Amino acid sequence: MENQDLIVNGQNLSGDNGTIEIKSPWDLQTFASVASASKAQVEDAVSNSDEAFHTWRYSSLSERVEIFNNAIKSLREDSDRLAQLLHKEIGKFEDDARSEINRSIDYMELMISALKHWKGTVYYGDLDPKFPRNKKTGIYSRVPLGVVLAISPFNYPINLSITKIAPALLSGNTVVLKPSTQGAYTSYEFYKHFAKAGLPKGVLNIVSGSSKEIGDPLLTHPLVKLIAFTGSTEVGNHIRKVSLGVPLLLELGGKDIGVVTKHADLDLAVKEIVKGAFSYCGQRCTAQKLALVHSSKYEEFTRRVVEEVQKLELNPMIDEPSASFVMELFNDATSKGAEVKVSPNHDSNKLSPAVVSEVKPEMRVFYEEQFGPLMPIGKYETEEELLKLVNGSPYGLQASVYTKDIDQAFRLADKIEVGTVQINAKPDRGPDNFPFGGVKDSGQLMQGTIETLDLMTRGKMVVVNT
Ligand code: G3H
């Protein structure tokens with residue numbers, strides 16, 4: 001079994017707390033192990049990143065881009081192996097794992113292009129009659145913050161770390177990455193390419209370990225200047241509480257509702273909603289997690305969803321507790337009157353797709369995030385009723401509106417309180433140049449390309465007085 005040490009200051013360090021075994025969701029056999037860091041080790045990692053910051057912040061953009069281009073080249077050469085590792089480690093289908101690796105390398109290229117359009121501003125002092133022309137000129141630029149703490153989730157360990165790390169490093173910050181344990185092994189393998197590409201020691205340190213042991217020491221470290229986290233709402237809210245006033249970029253849970261209006265193209269709505277609900281077994285914050293269907297389309301929509309869902313073959317869930325949680329929501333809904341349209345088979349972390357209809361707000365599955373292969377379907381009559389149901393959700397990541405009526409599309413998009421409204425498509429974070437983020441329990445601030453460069457830097461004014 002392969003073991004991976006921590007990477008701090010360019011050195012491999014064994015974990016003070018031993019190692020953590022990672023089991024592949026496909027067969028529940030041990031896949032690899034990673035070092036388990038202690039509190040003292042993560043504190044050292046942050047201090048070391050802070051030291052590296054004082055040099056890295058003065059590197060020129062062209063040096064950073066050159067390192068990124070070298071990394072892109074060597075990552076492309078290694079992408080098949082990395083995709084295989086990811087496939088085994090987090091239970092993603094091979095094509096999906098390949099797509100995550102390639103998308104992440106493409107994002108690095110996207111960020112390099114974004115730098116060409118990242119600009120400061122000049123302010124003219126002569127707007128104030130006290131100052132003649134050219135007497136006082138303000139140059140407003142962006143400067144890095146320091147150590148960025150990046151915390152990535154199991155479902156996109158590479159893509160949801162690179163979308164934090166690439167903008168952080170390119171804008172002159174240094175990074176401590178704490179990957180989710182499941183996904184940590186592939187993350188170490190992916191980021192080794194940065195050292196090989198010439199990234200100086202300490203600019204990117206990677207520490208794996210138990211969140212209980214190293215979570216708060218990282219989150220509350222005084223040298224951490226920004227926290228970028230993707231994961232559960234529960235952990236996100238904990239970060240909101242303990243972080244010491246540092247800026248937070250939080251991408252949390254979602255309950256992305258698919259609204260099927262009476263003007264919907266049903267072929268499209270069924271296809272998108274089924275794909276949106278079940279890809280990667282529903283373990284995506286942007287999965288389509290509830291369909292609300294106008295009463296005129298309800299019967300036909302439900303019948304056609306059932307036909308499609310019966311054809312699906314899903315990957316396993318990440319672990320047994322995640323599958324059991326989905327069953328808990330399923331049992332709660334059926335005990336309160338939901339109709340079982342497709343019944344799930346549950347065996348350990350393997351869960352087949354399920355569909356329940358007639359779901360109502362008093363059932364937990366109406367507003368709780370299932371993060372698994374269960375599609376709840378509810379009904380509505382009027383737009384007023386619909387908006388009350390949709391905006392009553394504690395989440396606010398994305399929503400989809402299926403309609404051929406452009407007026408209705410704009411009307412609903414304007415009133416639904418989420419980060420992104422998709423018209424006639426399933427929720428999706430990509431394309432990766434699109435700003436993405438949520439409100440309420442789904443997080444705060446929108447990441448993107450230039451948007452993230454701005455979030456990970458602060459404004460600085462230099463006033464030239466002549
Ligand atoms: O799980 C949360 C991800 O941000 C979803 O990304 O829409 O590309 O699957 P995705």
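Domain bounds here come from an automatic or database domain assignment. With that in mind, let's walk through this predicted model, starting with the overall layout and then moving to the ligand.

The protein chain is split into domain 1 (3-252 + 442-465) and domain 2 (257-431). Taken over C-alpha atoms, the centres of domain 1 and domain 2 are separated by 32 Å. The two parts also touch: 21 residues of domain 1 make contact with 21 residues of domain 2.

The space that the ligand takes up is the second largest pocket.

Now look at the residues lining that spot. Around the ligand you will find R103, N155, Y156, L160, E251, R284, C285, T286, D428, R429 and F436. Sorted by class, this shell has five charged, four nonpolar and two polar residues.

Some of these side chains come with distances you can check on screen. For R103, a polar side-chain atom lies 2.8 Å from an oxygen atom of the ligand. In the side chain of N155, an N or O atom is 2.8 Å from an oxygen atom of the ligand. D428 has a polar side-chain atom 3.5 Å from an oxygen atom of the ligand.

Key. Residues are numbered from 1 along each chain as its sequence is written. This is a predicted model: local features need pLDDT of at least 70, side-chain atom pairs count only at pLDDT 80 or more; totals for chains, interfaces and linings use all residues. Side-chain values use heavy atoms; hydrogens and water are left out. A residue is near a molecule or strand if one of its heavy atoms lies within 4 Å of it. A polar contact is a pair of N or O atoms within 3.5 Å; within protein, one must be able to donate a hydrogen and the other to accept it, and residues adjacent in sequence count only if both atoms are side-chain atoms. On a 1 Å grid over the protein atoms alone, a cavity is a set of points where a 1.4 Å probe fits but cannot get out, and a pocket is an open set with protein on both sides within 12 Å along at least five of seven lines; lining residues have an atom within 4 Å of a point. A molecule sits in a cavity or pocket if more than half of its atoms lie within 2 Å of its grid points. Ala, Val, Leu, Ile, Met, Phe, Trp, Tyr, Cys and Pro count as nonpolar, Asp, Glu, Lys and Arg as charged, and the others, Gly among them, as polar. Contact means heavy atoms within 4.5 Å.
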